[in-house]
Amino acid sequence: MNCREDEWLWGWDPTPGIVSVWASADGHALLWRRDHATGKLSRELDTFVPWMLLDRLDDLRPESDPAITVRELSGPGSLRYLVSAPDLRALTTSILQNASKRLGRRVATLQDFGKQSVLSLPPDEQYLTATGRAYFRGLSFDHLRRMQFDLETTGLDAARDRIFLIAVRDPAGAVELLEAGELSDEAEARLIRRLVDRVSAADPDVIENHNLHGFDLPFLERRARLLRVPLPLGRIGGGLRQRAAQRGAQLEGGAAAPPRRRVRYIAPGRELIDTLDAVIRHDFSTRELPGHGLKEVARHLGIAGPDRVTIPGDRIYQVYLSDPGRVRSYAASDVEEVAGLAKLLGGAAFALASMAPRRYERLADAGAATGVIDPLLVRAYLRAGAALPAHQPSDGTPHSGAALHLFATGVAHRVVKADVASLYPSLMRAYRIGPARDHLGAMLALVDRLVEQRLAAKSAARSAPPHSPERHRQEAMSAAMKLVVNSAYGYLAAGGDLTRFADVHAANEVTRRGRETLALMCRELAGRGVTLLEADTDGVYFSAPEGWDESAERRAVAEVAALLPELVRLEFEGRYAAMLSHEPKNYALLGYDGVLTLRGVAFRSSRAEPFGEKFLRRAIALLLRGEVEGVREAYLETLDALRGHQLPTRDVASRVRLTKSPAKYLESQGTRKELPYEALIGAGRTQWSVGDRILVYRTRSGGAGLVEDDDRRDYDADHYVRVLRETFAARLERAFTAEDFEAVFADPDQPSLFAPAVESIRAVLTREPDTI
DNA sequence: TCGTTCCGGGG
DNA sequence: GTGTACGGAACGA
C-alpha cells in the first residue's frame, strides 16, 4: 500500500483484525479486533476528532470556541472547509444557532442546509474515513465468529402472533432449538431471554439470518417490547438501536405517521447481516435465481440437504402442534442453510468492508453506487486534501439508454452468443469517460485499479486449492470488485442529485459508445455471413451458416473482437444447437448437451399453471430438435389429459399471493369478485393473512376452487384447454407459418379439410424489420 | 385500457 | 439521515 490510488481503494492504516466499530459524537471509538492467529477478541478505545465539511464559514465562531479548527481544502470543489471539533454535537448546535441568527429563521438540523452545503457522516464513518482504517485486515471470512438464529412464529403479525421456537446455530456449528412450550406471555418472555443468553455466551461478531432485518429483528423487538423483556443483543449495554434504511422493517407508528419510514436495527459491537441482501445482490448480476426465498435459493445453489423438510409458512404452527419433530427439523435446516448461504454469497460484502470506510453491515445492504463508491471518493478527496464538489441538481438532460435489437424470430440453428464483459466500465476506461467534476480523476483511477486487481484476484482464486479459505477470499474479492466496477456507470447515471459526482453527459457518452460498439459488432458479424438474431446492450446472438464448426464460429468472433478498442473485450460466450426467438429478451436455447434454457416472462412466469409450463418445456425441446410431430403429440396428450381430468388439480392451479384482508375483500366483493378470495370463501375459510400464498383454479361449475390436500379434479377443462392454446401454444407461434401453426395446434374435435400434413411441417425463422 | 404503485421476503 | 434494481402484477381511474 504505497501509492495514492491504493490508498484510495483500501485506506492506509494497516490496523489488523477490526470486526466491529462503534463511534460516538464525542470523539470516542470502540473497536473490537480479532487476532487472526489466536482467534482472541480484544476491545479497545480509540479517539478521533469529529469533523464535517462546509461550503462556508458564516456560521462558525472559532474566536469564541478555540477548540474548533478549520482547514481549507484545495481545488474548485465547494465543500472546501474541513471543520473539526472535539464534540460533534456541540459543534452542530453552535452552527445551527449561528445560522438561525444569520438567516432569521430556525435551522433545526444540518440537513436543513441541504447536502450541497454540508457533509456530515455518522461517527463510525467519520472515524474510518479519517483514520484510513477498514474492517477485516488480515482476516478471512472463517475468522469471523458468526451466529445464526431463526424465529418460528404463529403468524406474521407481531402485534398478535407469538414466537414459539427459535433455532440457534452457534459459531462452532452446533444447532440448538429453544422452545416456548406453551403460548403465554411468560413462556415467550422466557424464550426471548434464553436467546439473549445464547448470544451473550457465544459472543458472535456477526448475527445472520435470511430476512433478518425484514422479519426476525422487528418481530423480536416488538415482542420483547410488548413483554417488557430487555433485548441487549449487542456488545455494549442497552437494547437495539435503529438506522434508516431503504429495505427493512416498516415502522408501525400510527395511521397518520409518515408513510414508509423503514429502519434496520443495530446491535453495537456486532454486525447484523441479512442473507437476503446477499441473495439480491448476487441475483442482480447472475439473474438466474428462481426466487429470493431461503429454501429456493438453498436448493438452487446446492446448499440444501436431501432430507430438507418443507412446510408452507402458514402451516408451521399447526404442524408443530401435531408433529413438532418436523418443525424442529425445518427450523434447524433454516439456520444451517443461512450459514451456508452467508458464506457462499456473503464474501463480497466482507471484501467490500476491507475497502470502503463503512461498517460491514452497511456495506452488506448498501447499493454499490451511493453505498460504496461515494464513501471511497469522499475518503480519496479528503486524503488528497481536495475540496469535494457538492451535489448538483440535474440540468434537465434526459438519460439515454442501451440498444436492443430483434433481428429475427422463430427457430434458428448453430446459435452463438458473443458479448463484451463489463461493457460500460470498459468504455469508461477506453475512452476516459468520468465525471466532469472529478478533478482528481479518482473515479477512473478506482475503476482502473479495481479491474486490474480483480484480474489478479481471479487468477489467485484459480490457483488456490478448491474450497480453501484463500480461494474463498479471492473469489469474494473478485465478486466485490466486479460489483463496484459495474456500478460505476450507475453512479454516473444516477438521476437527480443522488450521487455527488453524477454526470448525465458522461453517462450518455458511455451509452452512446455502447450502442456504437454493439452496432459495429452486429455489422461486422453480419458481414461475415452469419444471421443476426438478437442484440441487447453488450451482447449478440447469431446463427452461423450451415457447415461452420465451432472453430469457424470462434474465428468470426475473434475477428470482430480485433476491431474493437483495446480494453473492450468481445468474448465467445457460448454456443447452442438451436434457439427459439420469440420476442426481445424472450427466447429458448437448446444446448448441444441437450439442456433447455428458457429466458423471459413469456416462458417463465410465477403464476403460470404447471400443466402449461410442462407442456411448453416439452414442446419447445421437441421443436428445437426438429420434431414437429412430437410437438403435436405433446399438445394432443395435454388436451386429452385436461379433458379426461387425468391431470391433478394442482397442475391447473395458479399460485397467487393474497393482498387483501378478509375485511377489505368483503368491502369490494360487491363490485368485483376475485377468484382467489371466492375460492377461500367457497372453501369455508373466513380468516387469512395478507401475504399468504394459495393455489386457485376455475371449477367446472364456473366457480373458484382452492387446492388443499385433496384432489377434486372438478376443474373447468374447456377453460384450461383455451389457456393451453392461447397462452402456452401461442408462445410457439413465431416458429411456424400461420397455416402450419393452425395445423400443429388444430383441435381434433374440429377437423379441418385443408390442413397441411404435420409430418411435412418445418419450423421457420423470419427476419424482422430491425436493421442496423 | 392505460398509467401508476407496489412488491420481492419472513411465519 | 436512506438511495434511484427491475420487471411483473396489482391497483386505480
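**Figure 1. Lining of the largest cavity, by element and residue.** In this predicted model, β14 (271-274), α6 (275-286), α10 and α11 (360-365) each contribute at least two residues to the lining of the largest cavity. The most come from α6, which gives 3 residues. The lining consists of Ile 273, Asp 274, Asp 277, Ala 278, Arg 281, Leu 345, Gly 346, Ala 348, Ala 349, Tyr 360 and Ala 364. Sorted by class, the lining has 7 nonpolar, 1 polar and 3 charged residues. The space in the largest cavity is about 80 Å³. Searching the whole structure gives 2 cavities of 30 Å³ or more.

**Figure 2. The second largest cavity, with a volume of about 40 Å³.** Its lining is made up of Ile 373, Leu 376, Met 443, Leu 446, Val 447, Leu 450, Val 484 and Ala 488. Two or more residues each are given by α12 (368-383), α14 and α15. Here α14 gives the most, with 4 residues. The lining of the second largest cavity has 8 nonpolar residues, with no polar and no charged ones.

**Figure 3. The second largest pocket, holding about 330 Å³ of space.** The pocket is lined by 22 residues, and those closest to its centre are Trp 10, Ala 351, Ser 354, Arg 473 and Met 477. The elements that supply two or more lining residues are α10 (347-353), α14 (442-463) and α15 (469-493). With 7 residues, α15 gives the most to this lining. By class, the lining of the second largest pocket comprises 13 nonpolar, 7 polar and 2 charged residues.

**Figure 4. Protein surroundings of DNA strand B.** DNA strand B is surrounded by 24 residues, of which Glu 152, Asn 211, His 292, Leu 294 and Arg 657 are the closest. The surface near DNA strand B divides into 7 nonpolar, 8 polar and 9 charged residues.

**Figure 5. Polar atoms of the protein beside the backbone of DNA strand B.** A polar side-chain atom of Asn 211 is placed 2.8 Å from a sugar or linking oxygen of DNA strand B. In Leu 294, a backbone N or O atom is 2.7 Å from a phosphate oxygen of DNA strand B. Elements giving two or more residues to the surface near the strand are β8 (146-153), α7 (294-300) and α9 (324-345). The largest share, 4 residues, comes from β8.

Definitions and conventions. Residues numbered from 1 in each chain as written. Chains lettered and ligands numbered in written order. Predicted model: local features only at pLDDT ≥ 70, side-chain atom pairs only at ≥ 80, totals over all residues. Heavy atoms only, no water. Near = heavy atom within 4 Å. Polar contact = N/O pair within 3.5 Å; in protein donor to acceptor, adjacent residues only side chain to side chain. Nonpolar A, V, L, I, M, F, W, Y, C, P; charged D, E, K, R; others polar. 1 Å grid on protein atoms, 1.4 Å probe; cavity = no way out; pocket = protein on both sides within 12 Å on 5 of 7 lines; lining within 4 Å. Points joined across faces, edges and corners; volume = space filled by probe spheres on them.
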